[in-house]
Amino acid sequence: MSIKRSIRSLIPLCVTLPLVLSGCGEASLTDSSGGDNTGGSKIELNVMVMSEAGGDQTEQQVWEETVRSYREKRPDVEIRLQLQNFGGVEQHRAWVTTQLIGGTAPDIFTTRYIWDQEDLKKGLLTDLTPYYTKKQPHLGDKAWSDIFPKALLQRLIGDNQTYASVPTSVDSVRVLYNKNLFDKAGITKPPQTWNEFLAAQEKLKAIGVTPFGFPNTKPGDYSYSWSVRILTEELIAGQYEQLDTNKSGFIEINEYVKAVDEGTVDITKPPYKDVFPIIKHWSQYWPKGYNGIDFASSSDMFLRGEVAMVMRTSGQSKSLFESKARGFEMAAFPLPYLTKENHPQALGKLMEIGGVPAGNLAIPKSIKPEKLDAAIDFMAYITSAKIQGNHAEKLYRTPATTTAELPDHLKGFAFVGDPMKLNIYGGEVDKNVTENNQKLGQLYLEGSIPLETYVGDLKKVMQAGVQQKKEENKWNAQNHYGIK
C-alpha cells in the first residue's frame, strides 16, 4: 500500500513530529515549550495515530499539543508522531498486517480491538495483560483495570484472558438529523419507537426529501452492521439469562461458541432471522442505489440537505458538526427501538451498541526492550483524565475511562439504553461473520437472494468460525467450552 508522508522538521530542542496527513501539503511546526535536550540520550518512540479524516487540522493540532504536554512531564522521551487516515477498515487492516509481518511497525500504533487478539496469538503484539493491573502515575496511581468500565474490559479481554491493546475512546452510535427538515416535515420531536421512526420518514418523503442516508458499499460503511446488531439484541434480550452461563453479565466468546455449537443461537430461526425483513422494509426510505453509496458520499448528501438523517459515532460526527457547508441545525438521537407492534419478542426498550472500544493503541512484539516502559507510560498518559477530557472536547471522542467528563456537545451521545451483551455480528466476535453479513445483506436487500439463502450461508460462516475457536482453545462440551 502506498502511503504519502510529509515530514515536518522542528527547530532544535523540540519534539520531532513527522505527520502523515492524507491530502495535506508540507507544513512547519514550532515548539516553544523549551526544555533541556542535552542531558543524556533520549528514548525515541515512533507513534502512529489513526485520524478520523484526512487533513483535519484540529486533530493535527490536538495531537501535537498532547505530545508537547507529555514532553513537559517526560523530557527524556522523544515522540515521533504520524497522523494517518486510511479511508476504510480494509486499508487500515492491510497496513497493520504489512507493518507487523514486515517488522516495521511503529513502537505504538492504532489498531482495532477486532484484530488485536488475533495478532497477539500470532506473536506479533506485546501482551499488555501485566500492565492492566499496574498502577500508573498519570492515572492518579490507578491501573487501567480501575479506570476502564467493566463492560469495556469484557470486550477487550481475549479468549485466554489477555489484553492486547488499550482503547483511547469508545464509540456510541447515534442518528444525526437535520432539524430544519424535521420542522419542515412537521416532526416535532425525535422518534423513540420504530413505528414513530417510520412515520417520521413518511413525512420527510412526503415533502420530497430522502429520509435516511444509508451507505452500504462495504463493511466499513458501518450503517448496516450497526442496525443489524442493535435490532437483533432487542429481539434476543430474553435469552441473555440462558446464554450467560457463568452469570458475568456479558456473553463471553466461549459462551457464544457453546450457544452456536448447541444450536441455542441459530440465525436461520426466529427471532434472529426476523431482523432482516425489518431492515429491508426500512430500506424504502434510503437513497436509490444505496449499495453504491459510501460513507463519505452519505456525509456530503446530508450536508447538502438531500437526506435528513445519517448514523455516526461521536468521533465521526465532528466533521459534520464543524462543517462550514452545513446550513442547518443538527442534533442526535439513538436509533429508535422495536416494540411488540413490530415483533412479539421485542424488548420494547433501547439497546446500546455504545461502549465499543475505539482508537486502540498496541505495541508490536518487535519493540526494543529499552523502549517498552516509555511506550506504556505514554499510553497511560493518553488515557489520563486530562487528555481524555481534552480529546472529548476538541475531537468529539467519547472518553474510554470513567475519570473524564463528557462535554456538552457530546451529551447526545451519552448512553441511555441497556448495553448489548451478545453482539453476534460484531467484529470482535468473528470478523468473517461481520464481513459476510454485510456482503450477503447487500444481495438480500437488492432482491438477488432470498432470506433463507442469506441466513443459511451466514450460518455456515458462523459455524466455521466457532469450529476454529473450538480447535484453537480446545473447547468442547466435555470441558464446558472452558467456561468457569
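A polar contact is a pair of N or O atoms within 3.5 Å; within protein, one atom must be able to donate a hydrogen and the other to accept it, and residues adjacent in sequence count only if both atoms are side-chain atoms. This report begins with such contacts and then turns to the pocket, the cores and the backbone. The structure is a predicted model, in which local features need pLDDT of at least 70 and side-chain atom pairs count only at pLDDT 80 or more, while totals for chains, interfaces and linings use all residues. Residues are numbered from 1 along each chain as its sequence is written, and side-chain values use heavy atoms, with hydrogens and water left out.

## Around T434

T434 has its place in helix α17, where helices (H or I, at least four residues) and strands (E, at least two) are DSSP runs numbered from the N terminus. A polar atom of the T434 side chain lies 2.8 Å from the backbone oxygen of Y425, and a polar atom of that side chain also lies 3.4 Å from the backbone oxygen of G426. When residues up to four places away in sequence are not counted, T434 touches S225, Y425, G426 and G427; contact here means heavy atoms within 4.5 Å. T434 counts as buried because its relative accessibility is 14%, given that buried means under 20% relative accessible area, exposed over 50%, and partly exposed in between (1.4 Å probe, protein chains only).

## The second largest pocket

On a 1 Å grid over the protein atoms alone, a pocket is an open set of points with protein on both sides within 12 Å along at least five of seven lines, whereas a cavity is a set of points where a 1.4 Å probe fits but cannot get out; lining residues have an atom within 4 Å of a point. Grid points are joined across faces, edges and corners, and a volume is the space filled by probe spheres set on the points. The second largest pocket has a volume of about 1,000 Å³ and is lined by 42 residues, of which K121, G158, D159, I253 and K469 lie nearest its centre. Two or more lining residues come from each of α3 (116–121), α6 (150–156), α11 (253–262), α17 (431–445) and α18 (451–473), and α18 gives the largest share, five residues.

The lining of this pocket divides into 15 nonpolar, 14 polar and 13 charged residues. In this count, Ala, Val, Leu, Ile, Met, Phe, Trp, Tyr, Cys and Pro are nonpolar, Asp, Glu, Lys and Arg are charged, and the others, Gly among them, are polar.

N473 lies in helix α18 and, leaving aside its neighbours within four places in sequence, is in contact with K121 and D159. N473 and N254 are 219 residues apart in sequence, yet their C-alpha atoms are 9.2 Å apart in space.

## Cores and buried residues

In soluble globular proteins, nonpolar side chains tend to be buried together. A nonpolar core is a set of buried Ala, Val, Leu, Ile, Met, Phe, Trp, Tyr and Cys residues joined through side-chain atoms within 4.5 Å. The largest one holds 71 residues, of which W282, M309 and L422 touch the most other members. Helix α9 (residues 223–236) gives the most to this core, with seven residues, while a second, separate core of 42 residues includes V47, I79, Y163 and M379.

S227 is found in helix α9 and touches F214, I279, W282, M311 and L335, not counting residues up to four places away in sequence. E64 has its place in helix α1 (residues 57–73), and the C-alpha atoms of E64 and I79, 15 residues apart along the chain, are separated by 10.0 Å.

| Residue | Relative accessible area | Class |
|---|---|---|
| S227 | 0% | buried |
| E64 | 4% | buried |
| Q161 | 49% | partly exposed |

Helix α14 (residues 314–321) is largely enclosed by the rest of the structure, because six of its eight residues are buried; these are S314, G315, Q316, S317, K318 and L320.

## Backbone details

Most residues other than glycine have a negative phi, and most peptide bonds are trans. Q161, in the loop between α6 and β4 (169–171), has a positive phi of about 60° although it is not a glycine. D141, found in the loop between α4 (129–132) and α5 (144–147), has a positive phi of about 60° and is not a glycine either. The peptide bond from P270 to P271 is cis, with omega near 0°, and P271 has its place in the loop between α11 and α12 (275–282).
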